[in-house]
Amino acid sequence: MKCSTELAAAKVRRGIVEAVYRAKSGHPGGSLSIADILSVLYFEEMNIDPKNPKMEGRDRFVLSKGHASPGLYSVLANRGFFPVEDLKTFRKTDSYLQGHPDMLTVPGVEASTGSLGQGISIANGMAMSAKLSGEDYRVYSIIGDGECEEGQVWEAAMFAAHYKLNNHTIFLDFNGLQIDGDIRKVMSPVPLDEKFRAFGLQVLDIDGNDLNQIRDAIKKAKETTDRPTLIMARTVKGKGVSFMENEASWHGNAPNDEQYAQAVSELDAEIARLEGVEA
Amino acid sequence: MKCATRESYGKALAEAGKKYPNLVVMDADLSKSTKTDTFKKEFPERFINTGIAEGNMMATAAGLALSGKIVFASSFAMFAAGRAFEQIRNSIAHMEVNVKIGATHAGISVGEDGATHQCLEDIALMRSLPGMVIINPADDVEARAAVMAACAHEGPVYLRFGRLAVEDINDENYQFELGKGVLLKDGTDITLIGTGLMVRETLQAAEILEAEGISARVINIHTIKPIDRDIIEKAARETKGIVTAEEHNIIGGGGSAVAEVVAETCPTRIERIGTRDKFGKSGKPAELLEEYEMTAKHIAEKARLILRG
């Protein structure tokens, strides 16, 4: 099972590169950085049914950093919510795969996001709803580190702690880069761990590209009864494609033909290696 | 009986809470003023205070609605439609969720609090959002009926309430129909179209005109979107012109909505009463309405202006 999630993450990355290359636009860097978190959530953790996306009592996921839609679409496609082939239509005029996640058109997308700071509040609302009606589903969200420059993230953090939303687990994709460069140089939101802790959340500091650390953090979050948990996931922007790693320029750029070929060859090799391990 | 429509809002929420077990009310630290505290007393477990964070309230409301709740999110019109506009656009209207925005303290009749709190732009903002229903009730009966209609309607609704106590126009037998204008008085010379607090002023203006031998039709447009095109087109065809009256900037509000319908169906002369591209100021509501030329007397004068040709 553990090996298959690793393989899933590689396939999710392959889908991200395909989608962004075909669209000639989109956000590969921050999609690749969260591929491991998404794969653990969708392939191991969450109670969901790709055949019944609106299943009652399902766990919910909200991508607050909605520009990482290629990551969300790729994990949904690879999990069976819609054909992987459709990723090639991303951002095209007749496609249901909108530039930013659209809950009205994409099976499995729980909320339309992309305007930063709002997804974390929407996820709080879902968690609050479960508390009000005594339902036991869990809510997961991913926010960006640059997104933490939005005041609404802190309004939402205050709310989550005040109403003791222990059923909401927030991943912070701490890759250190935003469009204009290093987050510390653009408008430093750090120290993020101390800030969220001061706002009343449990903060766990992990390597966000390490599947076992992601699994352990989720387990700890689920065991916590009095507070929401923020998992500060230290990730590598562009993870898995050598020339995209740790480069802010890959925040919102598509690869050209040559770069696409190189990315595909790296990811296909990784997929073949992992398939070999499983066989 | 005199009653502020915000009082009606609070009472209606408490009623609706009995009928709809999945109804949740949110407020951003203004529950004593918006009157959502009336609901809070009845159903404390279904009342959520977000503190002074309106943007967060709107997006959180969306999450609650996506999970099966009917949500009323309340604040002053200025901070609901104004500050949280983008959250209402992206997290409520674009997702078509079942959130009702209960906006109180709309218009210049807020009075003493002054310009920062007198929202005269909310109708323009909300009208521009696809799918948003806008209701601006005129009195207690209509306000309570509007809340129940909003509950029954699946999707986003913006409800506009006032701070000032107003006399009843409708009796208890009044039947509210979403999207339908109300013919309050028939007439053949001129049509006066009011919304919210200004409906009463249009009725008084009709009396002034009637005394001068001018037959004025009076229509209450409580639902500004979707607007009742038929009743407006009919008025444009059957009378010599239309005067609109609202507690809002004349740019983008109910008067603009009426003018659009008239321009598209049966062009005729229109005069609009409202704030004339100005901010408000502190003062007694009645004095402000007088200073900004928004009383029955001013409506009647605009009617005469049209009839003089």
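How many bridges join β1(A) to strand β2 of chain A?

## Basis of the model

This is a predicted model, in which local features need pLDDT of at least 70 and side-chain atom pairs count only at pLDDT 80 or more, while totals for chains, interfaces and linings use all residues. Residues are numbered from 1 along each chain as its sequence is written, with chains lettered from A and ligands numbered from 1 in the order in which they are written.

## The sheet of chain A

Four bridges join β1(A) to β2(A) (residues 139-144), and the two strands run parallel. Within this pair, A:R60 has A:V139 of β2(A) as its bridge partner. Strands are DSSP runs of E with at least two residues, helices are runs of H or I with at least four, and both are numbered from the N terminus. Two strands pair if DSSP finds at least two bridges between them.

Chain A holds an open sheet of five strands in the order β1-β2-β3-β7-β6, with parallel pairing. Its edge strands, each pairing on one side only, are β1 (60-63) and β6 (202-207) of chain A. From one strand to the next, the twist averages 20 degrees. Angles run from 0 to 180 degrees between N-to-C directions, with axes fitted as lines to C-alpha atoms, for helices over the stretch in contact.

## The side of chain B that touches chain A

In all, 25 residues of chain B are in contact with 22 residues of chain A (C-beta atoms, placed from the backbone, within 7 Å). On the chain B side, α4 (54-66) and α6 (85-93) each supply at least two residues, and α4(B) gives the largest share, nine residues.

Definitions and conventions
Two residues are in contact if their C-beta atoms, placed from the backbone, lie within 7 Å.
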